[in-house]
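Subject: Structure handover

Hello,

Here is the structure we spoke about. My notes follow below it.

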Amino acid sequence: MKKKHWTFKTVEKLFNLPFLNLLLKAQRVHRKYFRTGEIELGSLLNIKTGACPEDCAYCTQSGHYQTGLQQEKLFDLEKIVQQAKIAKEHGAMRFCMGAAWRSPPAKDFPKVIEIIKAVNALGLETCMTLGMLTEQQASELKEANLDFYNHNLDTSPNHYPKIISTRTYQDRLDTLNKVRTAGIKVCSGGIIGLGETREDRIELLRQLAHLPKPPESVPINKLIPMAGTPLANMHALDNIEFIRTIAVARILMPQSIVRLSAGRSEMSEEMQALCIMAGANSLWLGEKLLTAENPDQVGDYALFNKLGISIAKQLSC
């Protein structure tokens, strides 16, 4: 499939379509590249919590804010493997592990490699989010057979400095380039509801779609305002606007897995159903996403039954 260049005006026109027309267009694109009625399940585990030197305005794990979060060192391998086994039993295809680092410390990196190999041995896809990487670290992650590396762009280049000052937008793009060059699949998306404009949402999606290769996995998060962070009192984004963003992401990145990520605990079943209709075909299992709440598994499976959705073993056309 030839990569398409998306102008700002073209993407703006998509956002401005009547809501039902946009959903129909997104669903048609989705059906062209994926089987309908299937959803991928993943599981996300925080393997090292808190004391992060970054100042991301939405994050409870930042050492810059008083959020009451209890710090934890890197988990033992045995604990991580046990959680991965539980995730697999519950239907997860992918097991993502996050550590609150600016970049992986040299003393802990061999442990990270060991963790990847142990989780791979369970037959799960592996994903890591560890902050910025060097070329050597990316190469070593590839040698350990890491499947995906998550590094979100978060928002548009214009809005980014209002959210983070300790790492530049180019730093994020550079890490994604190192991951791609190493031969690891890219997982990158953003957070919607950071006080950005629609223009910012357009530019975020254009940035993702115009990477040298669009991310294989695109998580779309809805901000959960967290106590103690600068965005604790941020007003909730309109739900219809969030669903529009999912739909436009599907159209711009038709072959990517679009994951409905953080914020589902505040979404009704009807809203989640519309997000799936708009092209989301993956979500996280488990009651926690790093430090944020997530719907329980019983509720998720009940929703799948209502919608007639089956759990994918492998997402493909």
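In strand β9, Trp-284 is the bridge partner of Gly-42. This is a predicted model, in which local features need pLDDT of at least 70 and side-chain atom pairs count only at pLDDT 80 or more, while totals for chains, interfaces and linings use all residues. Residues are numbered from 1 along each chain as its sequence is written, and side-chain values use heavy atoms, with hydrogens and water left out.

Strands

β1 (residues 38-48) and β9 (residues 282-285) run parallel and are joined by four bridges. Two strands are taken as paired if DSSP finds at least two bridges between them. Helices (H or I, at least four residues) and strands (E, at least two) are DSSP runs, numbered from the N terminus. β9 also pairs in the parallel sense with β8 (residues 257-260), over two bridges. There, Ser-282 of β9 is the bridge partner of Arg-259. Between β8 and β9 the chain passes through helix α9 (residues 269-277), and this β-α-β crossover is right-handed (with the strands pointing away from the viewer, the path from the first strand over the helix to the second runs clockwise).

Cores

A nonpolar core here is a set of buried Ala, Val, Leu, Ile, Met, Phe, Trp, Tyr and Cys residues joined through side-chain atoms within 4.5 Å. Buried means under 20% relative accessible area, exposed over 50%, and partly exposed in between, with a 1.4 Å probe and protein chains only. The largest nonpolar core has 83 residues, and Met-128, Leu-141 and Phe-242 have the most contacts inside it. Helix α8 (residues 239-252) supplies the largest share of this core, eight residues. Setting aside neighbours within four places in sequence, Leu-141 is in contact (heavy atoms within 4.5 Å) with residues including Phe-109, Ile-113, Leu-133, Tyr-149 and Ile-184. A second, separate core has seven residues, among them Leu-41, Ile-276, Leu-283 and Phe-304.

Aromatic rings

The whole structure holds two aromatic pairs. Rings of Phe, Tyr and Trp (its six-membered ring) pair if their centres lie within 6.5 Å; planes under 30 degrees apart count as stacked, over 60 as edge-to-face and the rest as tilted. Tyr-160 and Tyr-169 are edge-to-face, at 5.2 Å centre to centre with 85° between the planes, and both residues are buried. Tyr-301 and Phe-304 are also edge-to-face, at 5.6 Å centre to centre and 70° between the planes. These two lie three residues apart in helix α10 (residues 297-307), about one turn of the helix. Phe-304 is buried at 2% relative accessible area, whereas Tyr-301 is partly exposed at 24%.

Two charged side chains sit over rings, counted if NZ of Lys or CZ of Arg is within 6 Å of the ring centre and within 35 degrees of the ring normal. Lys-4 lies over the face of Trp-6, at 4.2 Å from the ring centre. Arg-94 lies over the face of Phe-148, at 3.7 Å from the ring centre.

Backbone

Asn-145 is not a glycine but has a positive phi of about 70°. Its place is in the loop between α5 (135-143) and β4 (148-150), and Asn-145 counts as exposed at 51% relative accessibility. Asp-154, also other than glycine, has a positive phi near 75°. Asp-154 is in the loop between β4 and α6 (169-182) and is buried, with a relative accessible area of 2%.

Regards
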